[in-house]
Amino acid sequence: MNKTEASVTIALAAIPNSGKTTLFNRLTGSGQATGNWPGVSIEQKSGSFVLGEYSINLIDLPGAYALSPVTEEERVVRNYFLQSPPDIILNILDARNLYRGLGLTLQMALSGLPMVVAVNMIDEARRQGISFDLKVLSQHLGVPAIELSARTGEGIPDLKQNLYKVIKYPEKTRNPHISCPPLLEKAFSEITEAINQSGIDTRLDHTFLAMRQLEEDDPEQRENDDKVDVMTRKWYRRLKQSLRTSIPVACANCRFNAARGLAMEVLHDQPAFEDQLTKQLDRIFLHRFFGLPIFFLLMFLLFQGVYGLGAPLQELLSSGFDRVGTWLASQALVISWPVWLQSFLFDGLWQGISVVTSFFPIITLFFLFMSLIEDSGYMARAAFLMDRLMHWLGLDGKAFITLLLGYGCNVPAVMGTRILTSSYSRILTMLLIPFTLCTARLQIFVFLTALFFSPVIAPLIILSLYACSFGAVILTGLLLKFFQIGGTPEPFIMEIPPYRLPTLHSISLRTWYELKDFLFRAATLIVAGVLIVWLLIHMPADVPPGSEATWAGQLGHMLTPVFYPLGIDWQETVALIFGFIAKEIVVGGLAVIYSGSDLAGQMSGHITPLQSISFMIFCLLYTPCVATIATIWSESRSIKITLLSLVLGLGIAWITSFIFYQSGLLFGFH
Amino acid sequence: MTTTQHIPVSALQPQIECIIRSLGSDDKTAQRLAQMGILPGTHLHIIRIAPLGGTIEVTGDQGQSFALRQKEIAAMTCEPVAMPLDSELVKVGQTYRIRALMGGKTFRQRMERSGIKEKKLLQIKRTGNKPVLMCQIDLNKPVELGRGEAKKIIIERISNEQN
């Protein structure tokens, strides 16, 4: 490394559940930026901090168990190491169980890049009576090893000091030795030799590159015919015949044999220890009979916590916004402006900002509670309990929680898909959430059912709409699974981490980042969407807003052939266009469109109960709102997924309403 | 004598311990397990089965805890080393050693009265849903046990002690 270079890139690499995010937050504080890894919907987080005279760019790599990839996250990490090796690797081991992480640590120690190992969660390991000799670890790995607790901040100065030393006085690292079966060793050395001869210019160790070559999915697929590839193919074929396992498994075996010995030496031959607290808690939380009731109770509390507390705050905020808006609009200066400008500012822009801010309370509460569940370790238990139910949709148990929260509001639920471990379930869940009946849609249904049905029937209609929503989630899930939208499912092997006490610091930090993310990534799109709908409803300028002559009205008329078979007239079609902003304003939109004093009377005179149900079904299933679409876009970073979500929603809504309305007509209802 | 076998799905129950011999034929699953440090030779301990079934919590010999699906475990070849006495894997005529008694104090006392104690050897004479009949080697006295009782007695194989 060049000592005069002021900017140093450090890559934070560790297996999942080793406290990576906590350490990242601890080191970078507020200097964070998020983006996406090229070509995939996986978040890339980087942050900066200063270390003496160096400015450090810390890259938070996705959690990976090895550099021979199984998951998309691991592919990202592997590609990163091979294509743009960092200046320094910062690896994390879990002090409570060194063995788990040592496989990856050993693999990275072989890379030839400078590395520092942080043995994290030392406070909890101590509490459990584990003691170890880090000198042994450091000697074996040939790199500094520091004990710390990212949670409490203990050992952080020591880590920084060591990182500084590694930057300032780079030493040639000595690679650890891992013994493998002779045939494998021979393969490595011959491929290494071929790499040596190829004259490749890299900072990575050539044996490390040889291992990567051989552990690739299928070297036969590679087209290149240089010496290295020819050699790799030769050995690949030979090893495939003579090894009893696949090459990556054989390599993992060598690594973990070394890891087992190393862990034993470092831990002074203590027997593998058991976390009594976790064992006791699991006896309750995962109990055969009580496990599920406790889970549902916790989910109820979560739902109430997010929406019970969030909804009043949300209303308070939006009514506050309305009041400020009205006050601003009544100012003498504003009144002197042209009417269209006033309308643009207050019905368009102000409304858009109001929609964005109204999500703040629930997003805040959502992530506060979500981090609590995740950081404490209960999330893995929830996934374990619910796995069977979600498995036949091709999802894992964690997806249940995000889908459930969609019944409150789709926006935070889509943001919550981030907790899902595989990109397959993330995409699938993201596409299913829009079919969950959120509280905004419930408002429309409550209004319309009260209008068209007796108090006895109305609740039954709403109940059926909930059933329709469950059905849509399940059927769409099966459909997406069948067509393998999101790729192939990954094998479900989930670690169940020990319980931990979450800290206020990490929870609040996380919530703050999520809010900031929402503001920067989704907000502009939401405001833009609201403005487009405003244009439709208010243009041309010389007609009453929302009336037949506006663009929206014209669009409604134009769409008559599409909506006529569903029993939806142009007025309701315009209301559906309103519904793109937010479902909360559909009823208000109808009032504007009918532009009379007695909306209830006008509507019940205009449409039949059958038509009203058809309208409600359409409302339930089509695109929830511009905010959800914006969030899907910002989470998936994929135009394809976002468009698919739109098409799926509109398509399924149309088909369902069509079948319902036409069969209703057939059975003689009208 | 080693009996490496696929443990049938129906035989998966808590308290079974087995040594993995192969990780199964699905490469992706095998690689994932290997990368988590679950390899041939690892002792796998079934902790519990999810209330809805299908998903199983296991621990490896280094104290890692995992959830797997039935399918993945059934695909592995595994050599059972310990199991509850009511397990399908228990073979008639085999001799086993009692590893642990899981029940409460009264249960243990009752068992001890009929000579069932930790570390004692026993031979299975008959299995099935009817009371498990077994014969204790030291005393050579046959004992009949109900299924509920048998569930709480964990036995281990003695034929592969050298492993």
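In strand S10 of chain B, Ile153(B) is the bridge partner of Leu101(B), and this pairing belongs to an antiparallel arrangement in which strand S6 (residues 95-101) of chain B and S10(B) are joined over five bridges. The model described here is a predicted one.

**Strand S10 of chain B**

- S10(B) covers residues 153-157 and is mostly covered, with four of its five residues counted as buried.
- Besides its pairing with S6(B), S10(B) is joined by three bridges to strand S5 (residues 77-84) of chain B, and these two strands also run antiparallel.
- Within S10(B), Ile154(B) is the residue that stands opposite Pro84(B).

**Domains of chain B**

- The domain assignment divides chain B into domain 1, spanning 9-83, and domain 2, spanning 85-157, and the C-alpha centres of these two domains lie 25 Å apart.
- Nine residues from domain 1 of chain B and nine residues from domain 2 of chain B take part in the contact between them.
- On the side of domain 1 of chain B that touches domain 2 of chain B, six residues are nonpolar and three are polar, while no charged residues are found there.

**Overall form of chain A**

- Chain A contains 30 helices and eight strands, and its C-alpha trace spans about 85 × 60 × 55 Å along the principal axes.
- The radius of gyration of chain A is 29 Å, which agrees with the value near 26 Å that a compact globule would have with 670 residues.
- Of the 670 residues of chain A, 47% count as buried.
- When contacts in chain A between residues at least 6 apart in sequence are considered, 73% of them join residues at least 24 apart.

**Contact between chains A and B**

- The two chains meet through 33 residues of chain A, which are in contact with 31 residues of chain B.
- Elements of chain A that each supply at least two residues to the side touching chain B are helix H3 (98-109), helix H10 (247-266), helix H12 (291-329), helix H16 (378-391) and strand S8 (494-495).
- Sorted by class, that side of chain A has 21 nonpolar residues, together with six polar and six charged ones.

How values were computed. Residues numbered from 1 in each chain as written. Chains lettered and ligands numbered in written order. Predicted model: local features only at pLDDT ≥ 70, side-chain atom pairs only at ≥ 80, totals over all residues. Contact = placed C-beta atoms within 7 Å. Nonpolar A, V, L, I, M, F, W, Y, C, P; charged D, E, K, R; others polar. Domains from an automatic or database assignment. Rg over C-alpha atoms; globule rule 2.2 N^0.38 Å. Buried ≥ 20, exposed ≤ 12 C-beta atoms within 10 Å, placed from the backbone. Pairing = 2+ DSSP bridges.
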